[in-house]
Amino acid sequence: SRYFGLIMGGTTPAAIVGDFLTTLYDLNIILHQPKESNAFTIEQLALDMVLDLGHIPRDAFPGKVLTTGATASNLTGILIGRQWVAKKRFNINVAEDGFCGKTIKIIGGRAHSSVVKSVGVAGIGRSNYIDVSLDNRGCNWDLKRLEKILKEQKDGDSEASIVSVGCGEVNTGGFTADIDKIRALCTKYDAWLHIDATYGMYARAMPSYASSAAHIELADSMTSDAHKWLNVPYDCGLFYTKHIDMCLEVFGGVKAAYLESAKTIVPQPMDVGIEYSRRFRALPLYMSLLTYGAKGYQELFENNCKFAVSLGEWIDLHPDLELLTPVYLHTFLFRVSAKQWAHPGGNDEFIDAIKKTEKTYVSSTVWNGKPAIRGTVNNWRTRLDRDLSIVQQVLEETLRSRMPVMNE
């Protein structure tokens with residue numbers, strides 16, 4: 001309950017049971033065979049229920065599939081975005097014929113590393129990523145520069161763009177603003193809009209935070225994770241798109257004879273995503289959503305946010321700790337400022353000392369070019385009335401474990 005490392009949630013009891021059954025059944029969700037299994041139907045229902053949680057109409061994203069996580073989901077979005085912009089701008093089928101001498105850029109603001117990694121894997125080239133953010137969090141973009149780039153591309157005949165928006169900057173949880181304006185520019189200049197809604201999907205479940213994730217439903221493709229804040233086992237990434245036809249073009253491909261099957265109302269799972277082999281990861285997600293419902297998950301999100309805000313307020317008042325940014329959502333970012341730790345390597349030594357207590361866990365990061373400490377509260381077991389005082393005690397004990405050297 002006091003594990004705040006990376007962006008990792010816990011696992012609800014319902015999800016544990018679902019994962020156990022998943023292993024017992026050991027299904028490969030490659031084909032939709034409604035006369036034999038309802039597994040793919042359950043996957044589609046689970047994905048729709050997550051949209052319900054974020055107050056997004058189910059029919060907004062007809063294409064949807066579960067992946068291994070953010071990297072696979074973002075790669076899926078980049079691949080079909082690449083296909084769409086190349087056809088729209090140059091009448092090129094990249095999946096069949098390659099880039100044909102054209103260049104596709106990725107425009108974003110402090111994009112998550114999984115997005116940049118996907119750009120390299122997709123063959124677009126990491127050097128073709130353009131950052132147009134105006135701040136360290138990537139929340140505010142230079143929209144005039146964005147429009148200038150997109151206009152120059154449309155006026156020419158050699159470049160096109162995928163615009164990638166983040167709803168959950170990794171260090172602070174900050175969201176990109178003006179998504180509706182970015183959408184308008186993408187529509188005007190034939191660019192693909194991809195949104196990484198790691199936190200944004202779930203912020204919309206809370207009335208006090210919903211407005212910050214406004215307009216994410218305007219994306220051409222959108223990703224999130226269930227193994228983070230939905231508290232289901234690794235691995236479980238979410239992918240959504242408005243353009244399922246692009247999925248079929250990119251992932252349909254040529255099949256082995258034994259994989260050919262009768263046509264169904266919905267596309268075959270193997271034609272919507274990257275993988276041919278994948279486990280029935282939808283079952284723990286479906287069972288957890290069904291068990292706790294929208295109300296249960298809203299309470300989980302709100303409790304986690306209250307915990308992070310309360311801890312942040314305590315850190316901000318502490319003479320030997322420095323809160324680096326206001327706590328937003330469920331992420332806190334701080335630095336140890338006590339003299340006995342203020343030396344090169346002191347930040348990491350402080351983190352190691354925290355971990356050695358075996359009572360809480362935080363991560364090392366960098367903020368404004370300097371070492372920092374971050375934590376994200378994602379676990380359904382984290383309780384304000386029990387865990388906050390323990391974390392405060394751990395920080396106090398860690399500070400006292402290395403007392404300042406006194407002059408004789």
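The text below takes the helix, then the cores, then the pocket.

The model is predicted; local features need pLDDT of at least 70, side-chain atom pairs count only at pLDDT 80 or more, and totals for chains, interfaces and linings use all residues. Residues are numbered from 1 along each chain as its sequence is written, and side-chain values use heavy atoms, without hydrogens and water.

Helices (H or I, at least four residues) and strands (E, at least two) are DSSP runs, numbered from the N terminus. Helix 6 has 13 residues, 143-155. Leu146, Ile149, Leu150 and Gln153 of helix 6 are buried, that is, under 20% relative accessible area with a 1.4 Å probe, protein chains only, where exposed means over 50%. Seen down the axis, the buried residues of helix 6 fall within an arc of 90° (directions from the axis to the C-beta atoms), so they line one face. On the other side of helix 6, Lys144 and Asp155 are exposed. The buried residues of helix 6 are covered by elements including these:

| Element | Residues |
|---|---|
| Helix 3 | 70-90 |
| Strand 2 | 103-108 |
| Strand 4 | 159-166 |
| Helix 7 | 179-188 |

A nonpolar core is a set of buried Ala, Val, Leu, Ile, Met, Phe, Trp, Tyr and Cys residues joined through side-chain atoms within 4.5 Å. The largest has 65 residues, of which Val163, Ile195, Met222, Leu285 and Phe301 touch the most other members. Helix 6 and strand 4 are among the elements that each supply at least two residues of this core. A second, separate core of 26 residues includes Ile80 and Phe251.

The largest share of the lining of the largest pocket, 3 residues, comes from strand 4.

Methods:
Expected span 1.5 Å × (residues − 1). Contact = heavy atoms within 4.5 Å.
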